[in-house]
Amino acid sequence: MNVKNNKRRRDTVRKIETVFMDFFRTQEISQIKVTAICQKAGINRGTFYANFVDVYDLADKLHKRLRDEVNSMFESNVKTQFTNADFLNAFQHIFEHIKENQELYYFYFKLGHDDYEDLKLLDIYEFKHIFPQQHLDYHISFFKGGFNNIIKKWLDNGCKETPIEMQDILLFEYQNRLL
């Protein structure tokens, strides 16, 4: 019986996603063909099309899955009052998630999804506590840009540093504002 979320189907979807991401490392999305994905994943085209409309739908669903995973991880951490220690601890969790899901984040950034508008991970803390109210949107944009580039550099280096080391790097850059 083909139940929507049964283990076999989830495993097949993960296999398709993994093969897609392997191709995506060396090719543009427009060059990736469903036939090639199916051959490498050892599935037939019908199985692919039972789960995805095309490679763009696959990419979109991967993006949404990453977004949902990150958002659900931080929904449980949302508090009304944050201390600076809470703020920093949240970033350690972000770096742990990135390290555990390097391929997904590589994919996320390669598709240009690096503004975090659909991610709650930077909404867990009221930035007014670390940035002056005047021109707050500029300070937040600067922070997000720096954060993006730190993550991209870390991914490019194979996430060699630990999540705690990455948190310390972030702390060093913002130490005068977070203390």
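User: Why are H1 and H6 called oblique to each other?

Analyst: The axes of helix H1 (residues 7-26) and H6 cross at roughly 50 degrees and come within 11 Å. Axes are lines fitted to C-alpha atoms, for helices over the stretch in contact, and angles run from 0 to 180 degrees between N-to-C directions. Angles under 35 degrees count as roughly parallel, over 145 as roughly antiparallel, 65 to 115 as roughly perpendicular and the rest as oblique. H1 and H6 are therefore oblique. This is a predicted model, where local features need pLDDT of at least 70 and side-chain atom pairs count only at pLDDT 80 or more, while totals for chains, interfaces and linings use all residues. Residues are numbered from 1 along each chain as its sequence is written, and side-chain values use heavy atoms, with hydrogens and water left out.

User: Which residues in H1 and H6 meet?

Analyst: Phe20, Met21, Phe24, Arg25 and Thr26 in H1 meet Glu103, Leu104, Tyr106, Phe107 and Lys110 in H6, where contact means heavy atoms within 4.5 Å.

User: Which residues of H6 are buried?

Analyst: Leu104, Tyr105, Phe107, Tyr108 and Phe109 are the buried ones. Buried means under 20% relative accessible area, exposed over 50%, partly exposed in between (1.4 Å probe, protein chains only).

How values were computed:
Helix = DSSP H or I, 4+ residues; strand = E, 2+ residues; numbered from the N terminus.
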